[in-house]
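I opened this model to look up how its chains meet and to check a few single residues. My entries are below, in the order in which I made them.

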Amino acid sequence: MPSRREMLSRSAQVATLLAAVGLFPQLAHAQAAPGFNAEAFAAKNMAEVMKALGGSAPVESKDISVTGPDIAENGAVVPIGASTTLPGVKRLLILVEKNPSVLAAMFNVTDAIDANISTRVKMGQSSNVFAMAMMNDGKVLFAQKEVKVTLGGCGG
Amino acid sequence: MADPMRIRAQVAGDKATVRVLMAHEMESGQRKDAAGKTIPAWHIQDVTAQHNGKTVMTAQWGPAVSKNPFLQFNVKGAKAGDKITVSWVDNKGDKRTDEATVS
């Protein structure tokens, strides 16, 4: 059985290790507003986003539509819309595949509004843009569109 | 306090189209300043839209939303004279709430 002294020194080591790799989440996300899903917004691909949000594997669907330009002259301001005619939408997501973090925006939709939202996003380079709908029954549907960017909006 | 939002809400058939233009820097956290240091991310995280005091939509945004963000959505059953309230909170805890009347 380890002595108390050994236990103390070991836990101190573990704490240092955790701090070194930034595994103290409450420190790293101290500035996040309550309810902000920092994990989803740090995700690098679609699978990680779904894992952070607890959704199932996304399926491509014709009932979701994503609107946007074919060619965006300025990557800092790309108008993107996400919409669907299906009932029972819980969330609409806008994702940009080649951005440093794929998830750009997440909208929690209620019955009081149409599942049809437009906004403007930044794109670092030409890439696919996804509109994704998370349904009340747990299904995740998406549509994609390629947008070519002639001037990136994420770099200096 | 941040600059006011511009909100326009117009009736279109049995719903109202709401367009919001917010004034925010939306710094991405990817850019570097002249000295080569990364400029920390500064962006709106939470957006809430209310129709006559009832929350109809909430959103979470990452830094990939453009500077001075634009947002458009349709509120079902909104009539002229109804109140649309939009508020946001950014990752520095700054917040702003503005109200508009449906016309």
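The notes start with the interface and then turn to single residues.

**Entry 1: the interface as a whole.** I note at the outset that this is a predicted model. I looked up the contacts between the two chains and found 32 residues of chain A in contact with 33 residues of chain B. Chain A and chain B bury about 2700 Å² between them. Of that area, 48% is on carbon and sulfur atoms. I then asked which three residues supply more than any other three of the area that chain A buries against chain B. They are A:Asp114, A:Arg120 and A:Lys122, with 21% of the area on the chain A side.

**Entry 2: polar contacts and the salt bridge.** Next I looked up how many residue pairs are in polar contact between chain A and chain B. The count is 16, with both residues at pLDDT 80 or more. For salt bridges across this interface, the rule finds 1. B:Lys15 and A:Asp114 meet through their side chains in a salt bridge, at 2.9 Å from N to O. I note that A:Asp114 is also one of the three residues named for buried area in chain A.

**Entry 3: what chain A brings to the contact.** I looked up which elements give two or more residues to the side of chain A that touches chain B, and they are β6 (103-109) and β7 (116-121) of chain A. The largest share, 6 residues, comes from β7(A). By class, this side of chain A has 18 nonpolar, 10 polar and 4 charged residues.

**Entry 4: strand pairing between the chains.** I checked β6(A) for a partner in chain B and found that β6(A) and β4(B) pair in the antiparallel sense, over 5 bridges. For A:Val109 I looked up the bridge partner in β4(B), which is B:Met57.

**Entry 5: B:Asp98.** I located B:Asp98 in strand β7 (residues 95-101) of chain B. Is B:Asp98 buried or exposed? I count B:Asp98 as buried because its relative accessible area is 14%, under the 20% cut-off. A polar atom of the B:Asp98 side chain lies 3.0 Å from the backbone nitrogen of B:Met5. Leaving out residues up to four places away in sequence, B:Asp98 touches B:Pro4, B:Met5, B:Ile7, B:Ile84, B:Thr85 and B:Val86. I also looked up B:Arg6, which is 92 residues from B:Asp98 in sequence and 8.1 Å from it in space, C-alpha to C-alpha.

**Entry 6: positive phi.** I looked for backbone angles to flag, since most residues other than glycine have a negative phi. B:Met26 is not a glycine, yet has a positive phi of about 50°. B:Met26 sits in the loop between β2 (15-21) and β3 (44-51) of chain B. With a relative accessible area of 1%, B:Met26 is buried.

B:Asn68 is not a glycine either, and has a positive phi of about 50°. I placed B:Asn68 in the loop between β4 (54-61) and β5 (70-76) of chain B.

Definitions and conventions
Residues are numbered from 1 along each chain as its sequence is written. Chains are lettered from A and ligands numbered from 1 in the order in which they are written. This is a predicted model: local features need pLDDT of at least 70, side-chain atom pairs count only at pLDDT 80 or more; totals for chains, interfaces and linings use all residues. Side-chain values use heavy atoms; hydrogens and water are left out. Helices (H or I, at least four residues) and strands (E, at least two) are DSSP runs, numbered from the N terminus. Buried means under 20% relative accessible area, exposed over 50%, partly exposed in between (1.4 Å probe, protein chains only). A polar contact is a pair of N or O atoms within 3.5 Å; within protein, one must be able to donate a hydrogen and the other to accept it, and residues adjacent in sequence count only if both atoms are side-chain atoms. Contact means heavy atoms within 4.5 Å. Buried area is the accessible area (1.4 Å probe) that two parts lose on being put together, summed over both. A salt bridge is a side-chain nitrogen of Lys or Arg within 4 Å of a carboxyl oxygen of Asp or Glu. Ala, Val, Leu, Ile, Met, Phe, Trp, Tyr, Cys and Pro count as nonpolar, Asp, Glu, Lys and Arg as charged, and the others, Gly among them, as polar. Two strands pair if DSSP finds at least two bridges between them.
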